[in-house]
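Here are some worked exercises on helix packing, a pocket and backbone geometry. Have your viewer ready and try each task before reading its solution.

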Amino acid sequence: MKIISHRGASGYAPENTLKAFRLAVEMGSKDFEFDVHQTRDGILTVHHDFSLKATAGRDVKIADLDYAELKKFNVGAYFRHDKTPQHAPRLEEVIDVIGPAAEMLNFEVKNDDNVYPGIEAKLLAFLRSRPGLFEKALVSSFDHGTLKRFRELSPELKLAYLGHNLSTVLLLPALRKARAVRAVNFHLSLRLAFGLNVARIRKAGFKVCVYTVNTKKDALRMKRIGVDGIFSNFPDILGKWVLKG
Ligand code: G3P
Ligand code: MG
């Protein structure tokens with residue numbers, strides 16, 4: 001079972017910052033997940049929400065800022081343990097840090113209602129601009145239109161279906177949608193990660209990764225029911241626990 005660092009080692013440092021990614025690398029992570037947005041002037045950047053409210057305390061949208069403006073905000077303002085200012089990094093800075101250590105890079109593209117037109121082509125160009133990067137990439141999105149556009153632009157890109165507000169009843173239609181974009185992975189919320197659901201998804205031919213798993217109890221349960229990977233904010237500790245378990 002893969003332990004995928006979720007927004008970097010975000011249990012120890014502000015999420016989706018270079019500090020969190022450096023820590024994840026130091027902790028031995030080989031698999032990484034992070035959230036991709038685009039600034040008004042077309043720079044790919046890494047941050048969770050569309051707005052800076054939860055990280056910097058300012059309700060401004062990334063889509064309305066040029067990168068030079070975005071960079072001035074301290075996106076570590078609300079992190080409990082460490083108040084050192086952190087900026088929202090450019091995607092390329094993140095890949096500089098984690099790329100060499102990475103076996104798998106999960107680019108989660110936040111593009112609800114196509115708020116960042118053209119982000120698919122821009123990300124694909126970036127993936128092709130560095131040797132080996134395209135092969136390590138796994139692209140996911142809660143937005144199905146975004147996944148479809150990626151598939152239209154690239155038949156080879158590895159895609160992951162990301163279940164949003166899913167229930168057991170909605171699992172079957174979701175599997176159909178995942179198949180329609182020829183996804184290889186299906187990413188499931190912990191809330192729905194029970195043996196039967198996981199078995200169904202695996203039987204349909206997808207690898208299953210579960211978000212977000214931050215306790216030993218849940219991690220061991222995921223291992224028992226045979227999921228392929230878990231996303232965790234504590235990649236080191238869970239790794240040790242799972243290996244011991
Ligand atoms: O990609 C897995 C997980 O990160 C999806 O949810 O909201 O944490 O980006 P979220
Ligand atoms: Mg995410």
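**Exercise 1.** How are α5 and α7 oriented to each other: roughly parallel or oblique?

*Solution.* Before starting, note that this is a predicted model, in which local features need pLDDT of at least 70 and side-chain atom pairs count only at pLDDT 80 or more, while totals for chains, interfaces and linings use all residues. Residues are numbered from 1 along each chain as its sequence is written, chains are lettered from A and ligands numbered from 1 in the order in which they are written, and side-chain values use heavy atoms, with hydrogens and water left out.

Step 1: find helix α5 at residues 119-129 and helix α7 at residues 144-153, whose axes come within 10 Å and cross at roughly 50 degrees. Helices are DSSP runs (H or I, at least four residues) and strands are too (E, at least two), numbered from the N terminus. Axes are lines fitted to C-alpha atoms, for helices over the stretch in contact, and angles run from 0 to 180 degrees between N-to-C directions.

Step 2: apply the classes: under 35 degrees is roughly parallel, over 145 roughly antiparallel, 65 to 115 roughly perpendicular, and the rest oblique. α5 and α7 are therefore oblique to each other.

Step 3: list the contact (heavy atoms within 4.5 Å). Glu 120, Ala 121, Leu 123, Leu 124 and Arg 128 of α5 meet Thr 146, Arg 149, Phe 150 and Leu 153 of α7.

**Exercise 2.** At what angle do α1 and α4 pack?

*Solution.* Step 1: helix α1 (residues 18-26) and helix α4 (residues 91-98) have axes 9 Å apart, at an angle of about 20 degrees. α1 and α4 are therefore roughly parallel to each other.

Step 2: on the α1 side the contact uses Leu 18, Phe 21, Arg 22 and Val 25, and on the α4 side Glu 93, Val 94, Val 97 and Ile 98.

**Exercise 3.** Which element gives the most to the lining of the largest pocket?

*Solution.* Step 1: a pocket is an open set of points on a 1 Å grid over the protein atoms alone, where a 1.4 Å probe fits, with protein on both sides within 12 Å along at least five of seven lines; lining residues have an atom within 4 Å of a point. The largest pocket is lined by 28 residues, with Phe 142, Leu 162, Gly 163, His 164 and Tyr 211 nearest its centre.

Step 2: β2, β6, β8 and α8 each supply at least two lining residues. α8 gives the most, with three.

**Exercise 4.** Where does Thr 212 lie?

*Solution.* Thr 212 is in the loop between β10 (207-211) and α10 (216-225). The peptide bond from Tyr 211 to Thr 212 is cis, with omega near -15 degrees.
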